[in-house]
Amino acid sequence: MKQEISVGKFADEGRDVYTIERKETVMAILRMQQPAELWQTVTVDHVDCGPGSREGDNYMSIIKRVVAHCNAKTLDGRNHVFTISLIFKRQITNPNRRQLFRCDEAFENEITAYTSIIPILQRIAPYDLPYPKCLTADSDDRGDRIVLEDLTTSGFTMVDRRIGLSYAHCSAVMKELAKLHAVSLALKHGHPAQYGDVCAKVREIVFCPEAADFYTHSLETSLRGALDSLRYSNRAGDLDRPIKAIEGLTGRLYRIMSGLVCDGVDESWRVICHGDTWVNNLMFSADARHVKLIDLQTMRCTTPVIDILHLLYTSTGREVRQHHTADLLLQYRRTLLDALAEHLCGSPNPAAANALLHHFEDQFSYARLRTEYDRCLPYGLGIAMWLLPAVTFNPNQILDLDEVTINDFKTNNHEKKIAQMVSVDYHTRMRDIALELYDQGVLQRLRDECI
């Protein structure tokens with residue numbers, strides 16, 4: 001049986017399709033958002049519904065752009081015709097894929113982020129946090145849903161994942177991450193009980209016992225794929241030592257990354273992080289000076305450098321990291337301290353506020369920030385091996401995740417499929433990262449730790 005969908009195509013029943021959201025659904029959301037004294041009546045004449053992201057840019061949910069054509073009558077009797085564009089996120093329909101990739105837990109995390117975490121952080125922040133406006137995050141008769149403003153109507157766009165981020169893009173992200181992390185620090189020191197309550201709502205869904213089996217196998221698959229790529233690129237023999245060191249990560253990678261994210265974090269550094277700062281979760285203004293962070297499914301409490309490493313090792317080329325890492329860390333530090341000063345400027349105890357700001361200046365000195373960054377560099381390696389295949393895939397060669405099973409990872413079937421699809425860019429980026437981390441001594445350190 002075929003089902004007609006809004007963009008004029010047909011899809012097999014049972015697959016994830018961009019089915020039209022009902023007019024009544026959109027109308028109820030609009031009514032929730034408008035003050036009662038504004039409208040006498042509001043109706044939605046019809047809706048257009050299509051993909052809200054490009055092919056291959058989203059893996060964990062259905063993203064739809066819903067354009068509603070509306071009529072409203074204000075209390076003074078005047079009629080208004082307007083169009084509104086919204087982003088709807090819905091659950092993937094395939095139950096096996098949802099279970100394997102922990103989509104239910106991820107979707108629940110994002111609902112909690114929009115309903116219970118961001119509102120608390122925004123209330124104490126003296127500036128806007130870098131998230132799209134959420135109109136609703138709940139469930140209806142079709143299941144879980146998150147409805148967001150359509151950032152494209154404000155001129156925000158996503159950078160092509162295969163091109164990657166420039167220094168200007170990364171600088172914009174660093175500023176917003178610093179301001180986000182500053183809210184955590186201000187809440188932690190100013191309202192520790194409330195900070196504890198907020199952190200209790202943040203649930204780690206990747207580096208946790210329930211996810212360990214799947215993600216261990218997934219990471220091991222990515223590790224073997226990276227090694228195959230490096231051997232392919234090793235025509236001059238300059239990768240012999242990096243390959244040998246990376247081979248020593250076999251069976252240890254998930255544990256190493258989990259330790260950096262969860263277990264080995266100094267509590268004074270722990271903040272609420274975005275958790276998945278790769279290029280597809282960032283939308284930039286036309287001048288690249290402003291950025292919005294989207295997709296909050298893996299929000300976590302950890303050291304702030306995890307967000308920074310996640311960004312740089314999934315979404316930039318070697319040149320940005322080689323020439324601008326120090327600049328970006330300094331930019332992060334300046335913005336963090338400026339944001340903390342803004343938080344503290346209205347304190348009823350100026351002396352205590354000044355002492356706390358000096359404490360932050362010392363704790364987040366460039367030397368200490370760089371030391372923490374270098375300590376966590378193995379996370380950068382791991383996340384690069386894990387995500388670069390998805391970052392560099394050609395949109396015309398996207399893996400059908402509905403067909404993937406846990407046995408594909410355990411029997412190496414999955415990596416065979418990926419090996420046939422990886423691009424030249426993947427090989428280049430993986431080679432650059434291996435040489436970069438070997439030159440910095442990171443791979444040798446990991447090798448020595450396993451001896």
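**Helix packing, aromatic contacts and local backbone features**

In the predicted model, helices α3 and α5 run roughly antiparallel to each other, because their axes cross at roughly 160° and an angle over 145 degrees falls in that class. The two axes come within 10 Å, with α5 spanning residues 192-201 and α3 spanning residues 103-124. The crossing of α3 and α5 is left-handed.

The loop that links α2 to α3 contains R102. The phi angle of R102 is near 55°, a positive value in a residue other than glycine. Most residues other than glycine have a negative phi. R102 is classed as buried, with a relative accessibility of 10%. A positive phi also occurs at D295, where the angle is near 65° and the residue is again not glycine. D295 belongs to the loop between β10 (291-293) and β11 (300-302), and its relative accessibility of 14% places it among buried residues.

Aromatic contacts were examined next. A pair of aromatic rings is described by the distance of the centres and the angle of the planes. The structure contains five aromatic pairs. One of them, in which the ring centres of F101 and F214 are 5.4 Å apart and the planes stand at 80°, is therefore edge-to-face, since planes over 60 degrees apart are assigned to that class. F101 is located in the loop between α2 (95-100) and α3 (103-124), whereas F214 is part of helix α6 (residues 212-232), so the contact ties together parts separated by 113 residues in sequence. Both F101 and F214 are buried. Together with Y215 and W386, these two phenylalanines make up one aromatic cluster.

Charged side chains also sit over aromatic rings. The charged end of R235 is placed over the ring of Y232, at 4.7 Å from the ring centre.

The structure holds zero disulfides. For C208, the closest cysteine sulfur is that of C262, at 8.1 Å, which is too far for a bond, because a disulfide requires the sulfur atoms to be within 2.5 Å. C208 counts as buried, at 9% relative accessibility. C70 is likewise buried, with a relative accessible area of 1%.

Terms used:
Residues are numbered from 1 along each chain as its sequence is written. This is a predicted model: local features need pLDDT of at least 70, side-chain atom pairs count only at pLDDT 80 or more; totals for chains, interfaces and linings use all residues. Side-chain values use heavy atoms; hydrogens and water are left out. Rings of Phe, Tyr and Trp (its six-membered ring) pair if their centres lie within 6.5 Å; planes under 30 degrees apart count as stacked, over 60 as edge-to-face and the rest as tilted. Helices (H or I, at least four residues) and strands (E, at least two) are DSSP runs, numbered from the N terminus. Buried means under 20% relative accessible area, exposed over 50%, partly exposed in between (1.4 Å probe, protein chains only). A charge sits over a ring if NZ of Lys or CZ of Arg is within 6 Å of the ring centre and within 35 degrees of the ring normal. Axes are lines fitted to C-alpha atoms, for helices over the stretch in contact, and angles run from 0 to 180 degrees between N-to-C directions. Angles under 35 degrees count as roughly parallel, over 145 as roughly antiparallel, 65 to 115 as roughly perpendicular and the rest as oblique. A crossing is left-handed if the near helix is turned anticlockwise from the far one by less than a right angle, and right-handed if clockwise.
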